Amino acid sequence: MHREHTRIVKIGDKVIGGGSPVLIQSMTNTKTEDVKATVEQILRLERAGCEIIRCTVPTMEAAQALGKIKKQIHIPLVADIHFDYKMAIAAMENGADKIRINPGNIGGKDKVAAVVSAAKERNIPIRVGVNSGSLEKQLVEKYHGVTAEGIVESALDKAGIIEDLGYDNMVISIKSSDVLMCVRAHEILAQRTNYPLHVGITESGTVTSGNIKSAVGLGLILHQGIGDTIRVSLTGDPVEEIKSAKLILRTLGLRKGGIEVVSCPTCGRTRIDLIGLANQVEEMVADIPLDIKVAVMGCAVNGPGEAKEADIGIAGGSGEGLLFRHGEIVRKVPEAQLLDALREELAHWKQ
């Protein structure tokens, strides 16, 4: 298991690597210079379960805003830097817990050395990020196109630049929008380094397509024991990224806690608004810290039997509602009172 043997890296008050739990990241889509809007979004992400947050730092004003933002949030703050090494240094001076750079696009070796020196002085980890979309021309020519092997070589070359400067407090991130290429790249990289890896499928798309690509890609990577932090990249509200990441980790057995909602796909026997009911239940239980399974079934006859593995379940049809535990009916209620019955049952479980 690769993640059991990766180096331990501390990011603020969080630890990754060395078999630590896989942590969930996201990135703000507000203007970092707008402290109020950025803080409000981060606090929403925290409530959803985000454990590390990244903000873009394209201007000096954004770098200076990090200090004000950090005072109002409760999770580590990562500064995302493109092209200007001065922003990386300013971000660290203003309290960034980690910086994300590509050493190949922030200037010459002297500028990279200045960034590394500032990081070393504060013992701030550097995330070396490489994206398939910006793979160097010579590597594209060497491998006859953009390939997993080229992405890995690029990432290790960039990490080597920082190592040559006497620093190894690093996390590596390699991303591609091609799911299978991304999976293969991580398999190769995991064999060639023990740095902790941040995993994600970049430019994955909207909530629907992005979730499917991320679930497949992250699932294949994480199930092999690869990956120490993850981000589900979606075009939409970043809170959706956290919901998806939590479900991916729970599905793979990498995280406990939080209610898992299962529901039947509906059929001709369904005589209840199951889609609406399931969505209401999922929203109702989102913040309840119980490690249980709740079933929402559309058939009062077969529902309890098909969902007997669930800790709690509700089923309805033709005006009658059922509350059941492990397939055993414990209460009959009018269909309109199913949510109330479930809410009361959950209150009992919380005790």
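Mentor: Let us begin with glycine 305, which is partly exposed, with a relative accessible area of 47%. This is a predicted model, in which local features need pLDDT of at least 70 and side-chain atom pairs count only at pLDDT 80 or more, while totals for chains, interfaces and linings use all residues. Residues are numbered from 1 along each chain as its sequence is written, and side-chain values use heavy atoms, with hydrogens and water left out.

Trainee: Why is glycine 305 called partly exposed?

Mentor: Buried means under 20% relative accessible area, exposed means over 50%, and partly exposed is what lies in between, with a 1.4 Å probe and protein chains only. Glycine 305 has 47%, so it is called partly exposed. This glycine is found in helix 11, residues 303–306, where a helix is a DSSP run of H or I with at least four residues, a strand is a run of E with at least two, and both are numbered from the N terminus.

Trainee: How far apart are the C-alpha atoms of glycine 305 and histidine 326?

Mentor: They are separated by 8.7 Å, although the two residues are 21 residues apart along the chain. Histidine 326 sits in the loop between strand 14 (320–325) and strand 15 (328–334), and its phi is positive, at about 50 degrees, although the residue is not a glycine. With 43% relative accessibility, histidine 326 counts as partly exposed.

Trainee: What makes histidine 144 count as exposed?

Mentor: Its relative accessibility is 75%, which is above the limit for that word, so histidine 144 counts as exposed. Histidine 144 belongs to the loop between helix 5 (137–142) and helix 6 (148–164), and this residue, not a glycine, has a positive phi of about 55 degrees.

Trainee: How do you know that threonine 28 counts as buried?

Mentor: Its relative accessibility is 6%, which falls under the limit for buried, so the word applies to threonine 28. This threonine is placed in the loop between strand 3 (23–27) and helix 1. Leaving aside neighbours within four places in sequence, threonine 28 is in contact (heavy atoms within 4.5 Å) with Thr38, Gln41, Ile42, Ile53, Arg54 and Cys55.

Trainee: What makes glutamate 40 and lysine 36 a salt bridge?

Mentor: A salt bridge needs a side-chain nitrogen of Lys or Arg within 4 Å of a carboxyl oxygen of Asp or Glu, and since this pair has N to O at 2.6 Å, it qualifies. The two residues are 4 residues apart in helix 1 (residues 35–48), which separates them by about one helical turn. The structure holds 16 salt bridges.

Trainee: Why is helix 3 called roughly parallel to helix 4?

Mentor: Helix 3 (residues 85–93) and helix 4 (residues 109–122) pack at an angle of about 10 degrees, their axes being 9 Å apart. That angle makes helix 3 roughly parallel to helix 4, because angles under 35 degrees are given that name, over 145 roughly antiparallel, 65 to 115 roughly perpendicular, and the rest oblique. The axes are lines fitted to C-alpha atoms, for helices over the stretch in contact, and angles run from 0 to 180 degrees between N-to-C directions. Residues of helix 3 that meet helix 4 include Tyr85, Ala88 and Ile89.

Trainee: What makes the nonpolar surface patch?

Mentor: Leu180, Ile212, Val216 and Leu220 make this patch of about 380 Å². A patch takes residues with over 30% relative accessible area and no salt bridge, joining like charges within 9 Å and nonpolar side chains (Val, Leu, Ile, Met, Phe, Trp, Tyr) within 5 Å, and the areas come from the Shrake-Rupley method with a 1.4 Å probe, where for residues only the protein chains shown count as cover. Isoleucine 212, at 54%, passes that threshold and counts as exposed. Helix 8 (residues 207–222) gives the most to the patch, with 3 residues, yet the buried residues of helix 8 include Gly210, Ser214 and Gly217.
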